[in-house]
Amino acid sequence: MAAEICISQLPTLVDDPNAEFQPSPFFTEQLTAFEVWLDHGSERKKPPEQLPIVLQVLLSQLHRFRALVLLGRFLDMGPWAVDLALSVGIFPYVLKLLQTTTPELQQILVFIWTKILALDKSCQVDLVKDGGHTYFIRFLDSIDAYPEQRAMAAFVLAVIVDGHRRGQETCIEAGLIHVCLKHLQCSSPNDAQTEPLFLQWICLCLGKLWEDFSEAQLIGLQADAPAIISPLLLEPQPEVRAAAVFALGTALDVGSDTSRDGQGEEDDDDEKVKAEAGIVKNLLNVVSDGSPLVRAEVAVALSRFAFGHNKHLKSVAAAYWKPQSSSVLTSLPSFAVKGSSSGYTTPTHYMPHGSIVPSPIAPLLRVGHDSQPVSRDGRVSSSSPLATPGIMHGSPLSDDSSQHSDYGALNDCVTNGVLSYSRRKPLDNALYSQCVLAMFNLAKDPSPRVESLGRRVLAIIGIEQVVAKSFKPAGVSIRPGEPSTSASASLAGLARSSSWFELTGGAHLPLAFRTPPVSPPRPSYMTGMRRVCSLEFRPHLMSSPDSGLADPLLASPGPSGVSDRSFLPQSMIYNWSCGHFSKPLLTAMDDTEDVIARREEREKLALDHIVKCQHSSLSKMQNQIASWDTKFETGTKTALLQPFSPVVIASDENERIRVWNYEEATLLNSFNNHDYPDKGVSKLCLVNEFEENLLLVASNDGNIRIWKDYSSKGQQKLVTAFASIQGHRPGVRSVNAVVDWQQQSGYLFSSGEISSIMAWDLDKEQLVSTIPLASDSSISALAVSQVHGGQFAAGFVDGYVRLYDIRTPEMVVSATRPHTQRVERVVGIGFQPGLEPAKIVSASQAGNIQFLDMRCAKDKYLTIDAHRGSLTALAVHRHAPIIASGSAKQLIKVFNLEGDPLGTIRYYPTFMAQKIGSVSCLTFHPYQVLLAAGAADACVSIYADEILPPR
């Protein structure tokens with residue numbers, strides 16, 4: 001038909017030179033039909049018949065642009081679409097088009113190649129062979145493209161050089177290193193070019209460009225690349241910081257392969273040594289980053305440094321383990337080491353500020369010396385979850401390799417001297433010492449993924465894990481189904497509980513990837529209730545048969561002749577970041593209508609309840625509507641009421657968390673917060689309470705763990721974990737962390753037996769402020785304002801109460817000392833309900849409750865002598881005019897804001913009467929007049945002003 005239409009026009013064109021040829025509508029109609037299929041088709045429907053014709057249309061200049069746009073839309077539908085297009089022969093067409101110089105085709109061609117390479121890395125060889133890499137370098141260096149499009153070009157170039165030496169060489173010859181560094185130098189906070197995805201992929205591209213390629217590393221160091229990249233370690237997006245760490249880490253030369261050992265030129269150039277020292281110092285600055293994604297990359301980077309400087313690091317570590325009372329490394333947590341002559345040293349706690357504190361028995365380590373090889377047969381096999389699929393904030397799942405990390409193979413390699421390069425010029429011993437300490441901190445990281453990497457790094461420098469089980473205090477019985485524990489040091493060498501693996505189940509959850517993780521406040525009453533998006537779980541792209549990406553797992557020992565670098569743990573940020581381009585990019589990945597509707601419904605419900613709370617006339621709070629025997633062996637330490645469901649969450653001192661529905665009287669879930677021997681919970685908080693909220697668990701040592709799906713039996717997932725407190729005061733045995741979470745600002749405030757208050761932005765997963773304390777006294781109680789973002793109050797051991805506002809330059813707003821009794825320790829503090837910013841309720845251990853207006857010279861305007869020397873807990877309702885205090889004498893008292901008693905809940909020994917033990921914690925429901933009380937006898941009771949509280 002199309003041919004007939006063309007031939008029928010020949011007589012007219014011959015007779016009339018001015019006549020115009022009317023092209024056949026066939027291709028236009030086919031493109032239109034393809035476009036209709038794109039509007040309504042999907043993977044589940046019949047594939048488009050027009051796809052082969054669309055490829056033919058690419059040869060026509062008339063229809064080329066439209067065909068490319070439609071082809072890009074098709075490829076964006078998913079890997080199945082890319083696979084289908086490749087199967088019908090798209091590759092030679094789009095490869096040929098890279099030779100065109102038409103400006104309008106550049107953006108769509110870069111997009112199409114991004115989608116292809118996100119699925120099939122093998123195309124890198126043909127791209128380099130045909131010189132296609134120059135097309136993307138020119139595009140990356142152009143001034144017309146948007147940062148998001150340049151990020152795609154950087155991704156394509158990163159794939160081209162990934163593990164491909166010829167690709168690395170040709171891109172370096174084309175000046176790619178200088179192009180990338182130029183973009184990083186030009187970027188500024190006010191420049192649109194600082195699109196996080198663009199910065200992330202520039203760093204990843206640089207890292208892949210000089211990975212295991214010493215010539216490229218030298219070019220980068222000569223171009224001052226570390227100094228240009230290091231400022232990105234302060235970027236607000238964890239993905240950018242992790243990519244920057246990756247680029248810095250791969251710039252470290254891990255040394256010569258064994259096949260080349262003993263020959264070659266001296267590489268101990270002073271400039272190179274100086275540059276490496278600068279890189280390591282920058283890495284040490286982020287070893288305590290709030291994001292497990294970043295800390296994991298730091299561990300991988302330090303493993304490269306440990307590989308290249310193995311002999312010097314081993315000697316420094318061994319020197320510390322000589323029997324000296326002032327030894328620094330003997331103070332590292334849960335590690336004991338075996339020296340050449342001395343026995344196992346006493347395990348102690350290390351804190352950066354220099355204090356040394358004894359710690360219970362836990363995993364043991366021993367040092368492997370070059371002169372003292374450790375037999376693999378004598379090594380105790382470890383089932384510690386060193387490579388468990390741990391769920392972290394937006395970070396890759398842990399390795400899919402065996403749960404058993406082969407420390408023996410690593411140690412054999414170490415002790416045979418293979419990893420020691422005597423030709424490597426040593427750095428400053430102080431820097432080596434800092435590195436060893438950082439490695440130990442990483443090996444005790446609260447994130448299982450980072451912990452496993454940290455232990456691998458220690459193995460590289462000859463410190464082998466022998467493993468001891470975590471334990472419970474003596475005399476504590478072990479319940480069936482719970483991880484068995486022991487307080488005996490004689491159990492050293494037994495396998496640790498693998499409950500991290502059991503908890504996470506290794507599930508790969510296909511949830512949305514978001515970059516950057518920024519969520520603006522909502523423009524309503526709920527402006528404070530902004531979501532912390534970076535805590536949402538993101539996809540974890542692991543190496544799979546159809547990904548075409550390099551295997552990220554720790555390589556197993558291969559036959560002789562294989563590079564010893566295979567023992568190095570591999571970075572995950574690159575493979576994980578590639579997952580972004582495998583997802584649809586042209587369609588918005590926003591909240592569904594159901595999610596938005598549920599959020600609005602909850603906001604309306606909260607507003608209705610707030611109004612009721614504010615206007616409620618309370619008479620008493622003695623009606624017990626529920627009582628729950630938690631069966632905690634050490635009693636209930638802290639409790640929390642969910643805002644929009646009849647659920648109470650409680651934890652004991654051993655950090656066993658249980659979730660209970662108090663309307664149906666059913667246990668929903670029970671799990672351990674962690675398996676480390678050092679136990680103790682400080683507080684439970686809810687993050688994003690208007691969403692599918694997350695449970696934040698703060699431990700006494702300052703470690704924070706955030707869980708999702710915690711109310712579903714066995715389905716809880718660890719989203720992120722980090723240490724919120726860095727060090728503590730000298731001579732103090734424990735941190736005794738006090739923590740509170742402020743949804744309005746997205747800040748987590750933490751303090752304790754330290755000389756400062758640390759403010760963490762959970763959106764950025766970053767420490768944003770360290771507020772020094774004005775006195776030597778420690779903070780014993782902390783409460784944030786739920787109305788004024790950035791404002792919080794702190795109660796001190798010496799009876800002082802201070803009001804802080806992180807938005808002000810001086811931080812401290814006012815201070816007073818309302819508690820001057822013999823026992824002045826502040827055990828509870830809270831903001832009074834309402835909009836007034838400085839009205840506070842404070843309670844001391846002596847039993848008096850003070851009502852304060854921090855703006856007035858007359859500090860306390862009301863005092864209640866609630867209990868005599870036995871006050872243990874204080875709760876202030878967020879919206880209702882009511883407070884409650886608990887006593888060690890099995891007593892709870894409830895007051896209004898005028899100090900009038902509203903009720904007393906006592907311990908009655910009589911039959912059928914409500915019974916409570918020594919009160920350990922009190923908490924109000926955020927939007928209803930409900931009080932949950934936890935007791936030392938493991939009972940949690942819930943009280944209401946009415947028999948049946950309104951739902």
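Predicted model: local features only at pLDDT ≥ 70, side-chain atom pairs only at ≥ 80, totals over all residues.
If you set aside the neighbours within four places in sequence, Ser785 is in contact with Gln742, Gln744, Gln791, Phe792 and Phe831.

**Aromatic rings**

How many aromatic pairs does the structure hold? The count is 18. One of them is Phe91 with Trp113, an edge-to-face pair with 5.6 Å from centre to centre and 80 degrees between the planes. This pair links distant parts of the chain: Phe91 belongs to helix α7 (residues 90–97) and Trp113 to helix α8 (residues 103–119), with the two residues 22 apart. Are these two residues buried or exposed? Phe91 is buried, and Trp113 is buried as well.

Elsewhere, Phe155, Trp201, Tyr574 and Phe581 come together as one aromatic cluster. Tyr574 from that cluster also has a charged residue over its face, namely Lys208. Another such arrangement involves Arg878 and Tyr927. Here are the two side by side:

| Charged residue | Ring | Distance from ring centre |
|---|---|---|
| Lys208 | Tyr574 | 4.5 Å |
| Arg878 | Tyr927 | 5.6 Å |

**A four-stranded sheet**

Now for some strands. An open sheet is built from 4 strands in the order β26-β27-β28-β29, and the pairing is antiparallel. Which strands stand at the edges? Those are β26 (871–876) and β29 (901–906); each has a single partner strand, so one side of each is left without a neighbour in the sheet. On average, neighbouring strands here are turned by 15 degrees against each other, direction ignored.

Let's zoom in on the edge strand β26. What joins β26 to β27? There are 5 bridges between β26 and strand β27 (residues 882–887), and the two run antiparallel. To pick out a bridge yourself, go to Ala875: its bridge partner in β27 is Ala884.

Terms used. Residues numbered from 1 in each chain as written. Heavy atoms only, no water. Contact = heavy atoms within 4.5 Å. Phe/Tyr/Trp six-rings, centres within 6.5 Å; stacked < 30°, edge-to-face > 60°. Buried < 20%, exposed > 50% of the residue type's maximum accessible area, 1.4 Å probe, protein only. Lys NZ or Arg CZ within 6 Å of the ring centre and 35° of its normal. Pairing = 2+ DSSP bridges. Axes fitted to C-alpha atoms, helices over the stretch in contact; angles between N-to-C directions.
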